[in-house]
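Here are my notes on the model, point by point. Have the coordinates open while you read.

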Amino acid sequence: TSSSTMVDFLAENNLCGQAILRIVSCGNAIIAELLRLSEFIPGVFRLKDKADQQKYGDIIFDFSYFKGPETCEGKLEAKPELLDLDEEFRENNIEILTRFYLAFQSVHKYIVDLNRYLDDLNEGIYIQQTLETVLLNEDGKQLLCEALYLYGVMLLVIDQKIEGEVRERMLVSYYRYSAARSSADSNLDDICKLLRSTGYSSQPGAKRPPNYPESYFSRVPISETFISMVIGRLRSDDIYNQVSAYPLPEHRSTALATQAAMLYVILYFDPSILHTQQAKMREIVDKYFPDNWVISIYMGITVNLAEAWEPYKAAKTALNYTLDLSNVKEQASRYAAVTDRVHTQVQQFLKEGCLREELVLDNIPKLLNCLRDCNVAIRWLMLHTADTTCDPNNKRLRQIKDQILTDSRYNSRILFQLLLDTAQFEFILKEMFKQMLSEKQAKWENYKKEGSERMTELADVFSGVKPLTRVEKNENLQAWFREISKQIMSLNYDDSTAAGRKTVQLIQALEEVQEFHQLESNLQVCQFLADTRKFLHQMIRTINIKEEVLITMQIVGDLSYAWQLIDSFTSIMQDSIRVSPSMVTKLRATFLKLASALDLPLLRINQANSPDLLSVSQYYSGELVSYVRKVLQIIPESMFTSLLKIIKLQTHDIIEVPTRLDKDKLRDYAQLGPRYEV
């Protein structure tokens, strides 16, 4: 039974699967909440300027408060005006502080829940399930890898978005202002241990603390067996079966990019691999990073491995082959060539009348290959030329980046144009495919009926009953065509493989009968045969319209890595709208493509039927909507500038035409120039 219980790991009655699915769903929701809250940190907790320091310096404390709370409170109580300020500050901030505290608490609870799940698995709480059996199951393996990775992402997001000092001050304030200090069961202690300042700062040019982030990642102990098994799976398997969507070997690192990002995060849980295990690191780099070194780890948060792996000997050595300037040059030149080639192709496809149904159905592999090439090139260029991923003070990174800009002949406008065209091409194809899928069965049945009827009519022709010119009665042929008509009718839509094979055989039989019985001489008979073959061909085409094509397009078209980078293209978008307003339709397709990034965090939340679905999808779609607004605000701007010009022309430059007018003055009043401009 163990294999049958494993079959549907995500079924509602599978307790083992549901438990880990809930944890992963929760992890995605926590990250969204942290990102959302990071935009609402009350400024005073940064104590940035003199005024704040003077006013609030005595009532906002970091963790040194816990060394002697009495002393700190004593100082306050000695000054009534401080007490008043403290009370007012409490009233103004307790609500947001509570929300931050709950978010911090949920991170701690997350890792406690994950550890408990692993203990339960270990102790045999889930009947016939062990860590090994769960990792053998496809969904189980994905979820266990995601669970650890999301915990790492949470920790990185917290440090990137909510500085250590600020966290400490907020936690102390919450502790002072809430009932937490009176309740003994509060796990505030553990939360403070997990989230105390790491010394990391996201400010440009800030030095990275020693042993960061691995010492931060080790604050709550996690089973070493679990960590090493997860790393083992991520190193060896294609855990999301992405390679099938990218058959070409040069697309392999893109196919495995999601997994590569997970591996990057999870390696910090076992830093000995990064430091000393050279063979493993070489294998990881050969498989995931032979031709790329800037990666997106979650919703567009990007990392440059050349910088991130600098402190680790084995990792740095392994990556040196990739970062060798001759390899950088080779990759950049390759993408320059690919971009030129595919952009011409896409523009051809987008020409009026090119993407017709027959053409699409006959060229599915060609169209998909073009889409793959476009998306892989856009991804590589966008990530590797981004300003955010290159510290300008780091000489080596600057050198690598300059090399890329030169050899890829990088031009942000051209790259953006390729993104627009690709998005538009994808959008049209997807819509066509959805339409064709919805009509697929009806069309197929219709072609089948038409083909079968032609054969029945032809059988009648050879029966000698139907007076068709100069066709002699032939009972063999009559019976044969009747049989073919029956065979066509018997094709079954639900068994598409068999039906497809049989259809091919029928087409061959019709070709042979024409040669064998010298039927070429009769044009009308030939026409019947040709028509029937055409219908059979259409049936094969139609049966090839498969859901898989849409799924492949969805995988290949992923733009989640650009969730933040896209902002660097805002001014280009606005300029192009200014120049040609029709650009907006292509932008629409690009925004829709960007919206598919939401599938990533929402997938597990949705599978778990979690009530978080609404708030998380609202957060990300809200971010997207405000970005689209930011880009499109150029439209009212340019509309109003045009309106002002029109008003000026109509009120100042164009003279009213009087009711009576001499013929020879007509030209003066016509004012063709200004009118044309309006």
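1. A word on burial before anything else: a residue is buried under 20% relative accessible area, exposed over 50% and partly exposed in between, with a 1.4 Å probe and protein chains only. Keep in mind that this is a predicted model, where local features need pLDDT of at least 70, side-chain atom pairs count only at pLDDT 80 or more, and totals for chains, interfaces and linings use all residues. Residues are numbered from 1 along each chain as its sequence is written, and side-chain values use heavy atoms, with hydrogens and water left out.

2. Now the aromatics. Rings of Phe, Tyr and Trp (its six-membered ring) pair if their centres lie within 6.5 Å; planes under 30 degrees apart are called stacked, over 60 edge-to-face, and the rest tilted. That rule gives 35 aromatic pairs. One of them is Y264 with W309: the ring centres are 6.5 Å apart and the planes meet at 35 degrees, so this pair is tilted. Y264 sits in helix α13 (residues 257–266) and W309 in the loop between α16 and α17, so the pair ties together parts that are 45 residues apart in sequence. Both Y264 and W309 are buried. Helices here are DSSP runs (H or I, at least four residues), as are strands (E, at least two), numbered from the N terminus.

3. A second pair to look at is Y288 with F289. Their ring centres lie 6.3 Å apart with the planes at 50 degrees, so this one is tilted too. Both Y288 and F289 are buried.

4. There are also charges over rings, meaning NZ of Lys or CZ of Arg within 6 Å of the ring centre and within 35 degrees of the ring normal. The charged end of R334 is over the ring of Y335, 4.8 Å from its centre. K534 does likewise with F535, lying over its face at 5.4 Å from the ring centre.

5. Which residues of α17 are buried? In this helix (residues 313–323), they are A314, A315, A318, L319, T322 and L323. Looking down the axis of α17, the buried residues fall within an arc of 165 degrees (taken from the directions from the helix axis to the C-beta atoms), so they line one face of the helix. K313 and Y321, on the other side of α17, are exposed. The buried residues pack against α14 (271–276), α15 (278–288), α16 (305–308), α18 (325–350) and α21 (395–407).

6. On to domains, whose bounds come from an automatic or database domain assignment. The protein chain is split into domain 1 (8–197), domain 2 (223–323), domain 3 (335–564) and domain 4 (567–586 + 598–677). The centres of domain 2 and domain 3, taken over C-alpha atoms, are 36 Å apart. Using contact to mean heavy atoms within 4.5 Å, 22 residues of domain 2 touch 22 residues of domain 3.

7. K448 deserves a look. This lysine is in helix α22 (residues 412–461) and counts as buried, at 8% relative accessibility. What is K448 in contact with, leaving aside its neighbours within four places in sequence? The contacts are I488, M489, L491 and M539. From K448 to L602, 154 residues apart along the chain, the C-alpha separation is 42 Å.

8. How many disulfides does a search of the whole structure find? It finds 0, where a disulfide is a pair of cysteine sulfur atoms within 2.5 Å. For C370, the closest cysteine sulfur is that of C374, 4.2 Å away and too far for a bond. C370 is buried, at a relative accessible area of 1%; C526 is buried as well, at 15%.

9. Last, the backbone. Most residues other than glycine have a negative phi, and most peptide bonds are trans. Here, Y212 and P213 are joined by a cis peptide bond, with omega about 0 degrees, and P213 is in the loop between α9 (188–195) and α10 (214–217). Q128, not a glycine, has a positive phi of about 65 degrees; its place is the loop between α5 (80–122) and α6 (131–136), and Q128 is partly exposed at 44% relative accessible area. R409 has a positive phi too, near 45 degrees. R409 lies in the loop between α21 and α22 and counts as exposed, at 55% relative accessibility.
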